[in-house]
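User: Please examine the model shown below and answer some questions about how it is built.

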Amino acid sequence: MIAKYFSRPSTLLWLLKYELFFAWRNYGGKSKRRGIAWTLFLWLIVHIIAIAIFYGAAAAMARGITFPPKTIIYTGIGFWVFFTLLLSQTLALSVNAFFSRGDMDLLLTSPINPKHILLVRGLGVGLTAALFPIVLLIPFAHVGLFAGQPKFLAIYPAVLSMALLAGAIGIWLTMSLVTLLGARRAKTAAQVLGALIGAFAFIGFQFQNFISRSTREAMSGWFDVQTTTGLLTPDSPFFWPVRAFMGELISLLAFVAFAAALYWLVATLTYRRFVEGAQEGQRGGLIRKPFLDANAKVRYSQGLMASMSAIMLKKEWRLILRDPQIITQTLLQLLYLLPLIFFGMRGGQSTVLLIPSLIMLTAMLVGNLAWLTVAAEDAPDLIGTAPMTLNRMRIIKAVAAVTPPLVLLIPLVIYWLGKNPLHALVLAVIAPLAAFSSASCYVLNPQKANRREMAKRGRASVLTSILEITSAMGWAATAYCLIKAPLFLILAVPVALAAPIYSYLAGDEARRSGVLT
Amino acid sequence: MPTVNIPALKITNLVKAFQSTTAVDQLNLSIPQGEFHALLGPNGAGKTTTLRIVAGLATADLGRVEVFGNDVATDAIAAKRVMAFLPDDPLLYGKLTALEYLEFVAGLWSIESAVAAKRAEDLLKWLDLWSKANELTEGYSRGMRQKLALAGALIHEPKMMILDEPLTGLDAHAARSVKDMLVDYVKRGNTIVLTTHILEIAERLAERISIIQKGKIVAVGTLDELRATAGQSGATLEDVFLNLTADGAPSLDKNADQHTNANAAVNTKSSDSNQP
């Protein structure tokens with residue numbers, strides 16, 4: 001019956017079949033076999049862990065140990081925190097899937113109902129985002145079945161419903177952004193919003209550390225009231241998804257029905273906006289200022305700001321600021337750093353760890369930026385034919401990469417100068433060294449990259465990525481040793497210097513080749 | 001006034017190999033100042049490799065390339081200052097607007113900002129891109145990108161332009177205006193070295209044509225001289241080109257070298273006969 005339905009072209013299931021087929025073809029990239037092997041291996045490990053948990057729980061119950069009544073509440077809250085991470089992932093994927101995929105022209109010019117396209121693609125986004133929990137949770141269904149607990153097969157529909165729910169909210173948020181900002185701006189906004197939602201979950205965990213004891217106690221009291229007589233009692237619909245995963249039939253049916261209905265409703269309400277957005281996405285680029293009229297005059301920077309170096313820096317920073325991926329990544333790193341900085345400001349032992357952490361994050365951020373400015377240069381031919389030595393060009397590009405993260409550190413250095421001059425000095429000296437070491441991986445050992453493949457840059461050059469991280473860790477360790485254990489500098493400094501030395505030696509021929517990358 | 005005895009481009013015994021493949025093999029060519037020169041050849045003949053070495057984007061294994069007397073290997077900056085290179089698929093910065101792109105290119109060649117602003121405005125208006133001057137180039141069509149890259153090549157007023165398939169992707173109007181611009185550019189005493197697969201363009205625009213095959217110049221001269229070399233009086237450039245690049249065609253290296261040397265010191269030309 002299903003096979004017959006599949007064979008009917010242009011139907012929803014037919015489209016879904018192709019979406020899955022394309023996803024399968026793309027799975028694992030160039031090393032597909034290795035990707036599949038790793039996934040199967042991971043799955044095997046998770047199955048073993050699931051067996052251990054099942055038999056551990058069975059043994060505990062056999063001894064009369066019972067789970068506390070609030071277990072469902074904490075698990076349920078954990079589920080929703082995890083769901084925010086899933087949503088963050090969904091948002092990051094959705095704009096690309098809806099408006100950037102190369103086949104959108106073909107699909108929209110076909111006689112297929114656009115709502116079906118949105119439904120299938122949204123489901124694809126939800127499933128892709130939920131891939132990790134799917135791999136992690138499905139083994140529990142299998143182990144449960146063999147352990148005589150078939151109710152755990154409910155994990156299958158529950159995890160699918162979770163993907164549908166994430167897809168529905170992802171579509172709704174994305175289409176709202178498209179309505180507000182237009183398709184092109186929405187891409188940046190969705191990535192930033194996704195990052196913020198993801199970071200919100202993380203910072204949420206740290207929240208109790210920021211607040212005073214009295215506030216913490218007041219909140220704890222409120223929470224107790226809510227979990228006993230308020231909105232968050234164990235029977236609350238808020239916890240139905242978790243109950244669905246555990247095989248409770250009513251909760252499962254309610255969760256599946258709610259997710260499917262919401263998904264259908266969102267698709268029905270937003271598919272027209274999807275079509276408009278897709279059409280807009282294919283049109284021209286963003287207009288940064290109003291059109292120029294025939295009498296308008298062009299004005300360029302003058303004096304020092306018009307020098308060759310200044311123009312180069314300006315171009316690099318413009319491109320960095322207009323790159324949604326790098327903005328999102330930087331924002332995320334800064335957000336994740338907030339709790340650490342907060343502890344550091346309070347003083348105590350945590351400052352000793354904060355300085356190396358800051359140095360490491362600076363180095364990693366510089367690595368991203370140097371990759372963008374040097375390796376992912378869009379027009380190496382233009383740069384190569386300009387009347388400027390490539391060495392000078394590379395130095396300017398390195399400066400473009402190291403400056404923004406170092407500028408962000410200046411307020412912290414000034415702050416600690418009054419509190420702890422040694423810490424301030426270590427940060428002021430080691431952070432620039434770490435930054436230039438990271439940049440050296442691309443400046444001294446030129447390599448060609450594509451700006452659009454930033455997310456995959458680690459896989460493109462594994463050795464460079466390892467060097468970058470090793471160098472960052474080496475400089476972080478150097479900072480720690482300077483503050484706490486100077487004797488170990490003899491180990492930390494060589495590790496920190498390994499990347500620039502290797503890059504200098506390995507990149508000798510490439511630097512002489514006459515091209516930037 | 002150009003210095004009479006210095007060719008705009010002089011290539012002597014140029015050799016470039018990629019592993020076991022010799023892309024450019026003892027290539028000699030001299031192009032006088034103020035000439036519109038077309039470099040023709042089948043795919044893989046070594047045209048782009050030669051032009052990339054001239055532009056300073058690749059290094060030669062052997063031989064010498066001089067641009068207005070400046071050796072591109074030893075005095076690259078001086079050579080680059082007077083030329084512009086426009087590849088067949090120029091890569092722009094998608095996140096820059098046309099005006100920002102031109103400001104950047106002008107800055108690379110140290111053009112004074114007020115001059116650059118005026119030229120950018122003139123070029124964008126002339127190339128019909130003025131209304132899109134503040135749009136990010138990521139939304140430009142292929143033809144618009146090609147025109148903007150051409151504006152970038154022109155903004156620093158180079159004495160020599162190296163163009164690799166410059167009319168690719170342009171519509172008929174744009175192609176016509178670009179051709180007119182190139183002819184006008186040469187009339188003002190500048191030099192163009194152009195590769196194209198559209199032989200009609202070479203036939204109508206170029207004063208002299210070089211034909212390159214397997215990394216060597218097999219013939220060079222005006223269209224009539226090429227016809228004489230191929231023994232095909234009255235033939236079209238297409239016929240001559242196919243004859244000279246056919247497998248088993250007689251080696252014309254010696255002939256080509258004679259033409260190259262004979263023309264090396266030529267500075268003035270009877271240009272109108274070959275103009276469109």
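Analyst: The model is a predicted one. Among the contacts in chain A between residues at least 6 apart in sequence, 81% join residues at least 24 apart.

User: How many helices and how many strands does chain A have?

Analyst: Buried residues make up 35% of the 517 residues in chain A. The count of secondary structure elements in chain A is 22 helices and zero strands.

User: How many residues of helix 10 of chain A are buried?

Analyst: Helix 10 covers residues 213-228 of chain A, and at 1.5 Å a residue its 16 residues should span 22 Å. Its end C-alpha atoms are 23 Å apart, which agrees. A residue is buried if 20 or more other C-beta atoms lie within 10 Å of its own. Helix 10 of chain A lies largely in the open, because the number of its residues that are buried is zero.

User: Which strands of the chain B sheet stand at the edges?

Analyst: The sheet is open, with four strands of chain B in the order 2-1-4-5 and antiparallel pairing. Each edge strand has a single partner strand, so one side of each is left without a neighbour in the sheet; these are strand 2 (21-31) and strand 5 (70-71) of chain B.

User: What is the bridge partner of B:V15 in strand 4 of chain B?

Analyst: Strand 1 (residues 9-18) and strand 4 (residues 62-67) of chain B run antiparallel and are joined by five bridges. In strand 4 of chain B, B:V15 has as its bridge partner B:L62.

User: Which residues does B:I162 touch, not counting residues up to four places away in sequence?

Analyst: With residues up to four places away in sequence not counted, B:I162 touches B:L51, B:V54, B:A55, B:M83, B:F85 and B:V193.

User: Which helix gives the largest share of the side of chain B that touches chain A?

Analyst: In this interface, 39 residues of chain B are in contact with 36 residues of chain A. The elements of chain B that give two or more residues to its side are helix 2 (76-81), helix 3 (98-108) and helix 4 (113-126). That side of chain B divides into 21 nonpolar, ten polar and eight charged residues. The largest share, seven residues, comes from helix 3 of chain B.

Note on methods: Residues numbered from 1 in each chain as written. Chains lettered and ligands numbered in written order. Predicted model: local features only at pLDDT ≥ 70, side-chain atom pairs only at ≥ 80, totals over all residues. Contact = placed C-beta atoms within 7 Å. Pairing = 2+ DSSP bridges. Buried ≥ 20, exposed ≤ 12 C-beta atoms within 10 Å, placed from the backbone. Expected span 1.5 Å × (residues − 1). Nonpolar A, V, L, I, M, F, W, Y, C, P; charged D, E, K, R; others polar.
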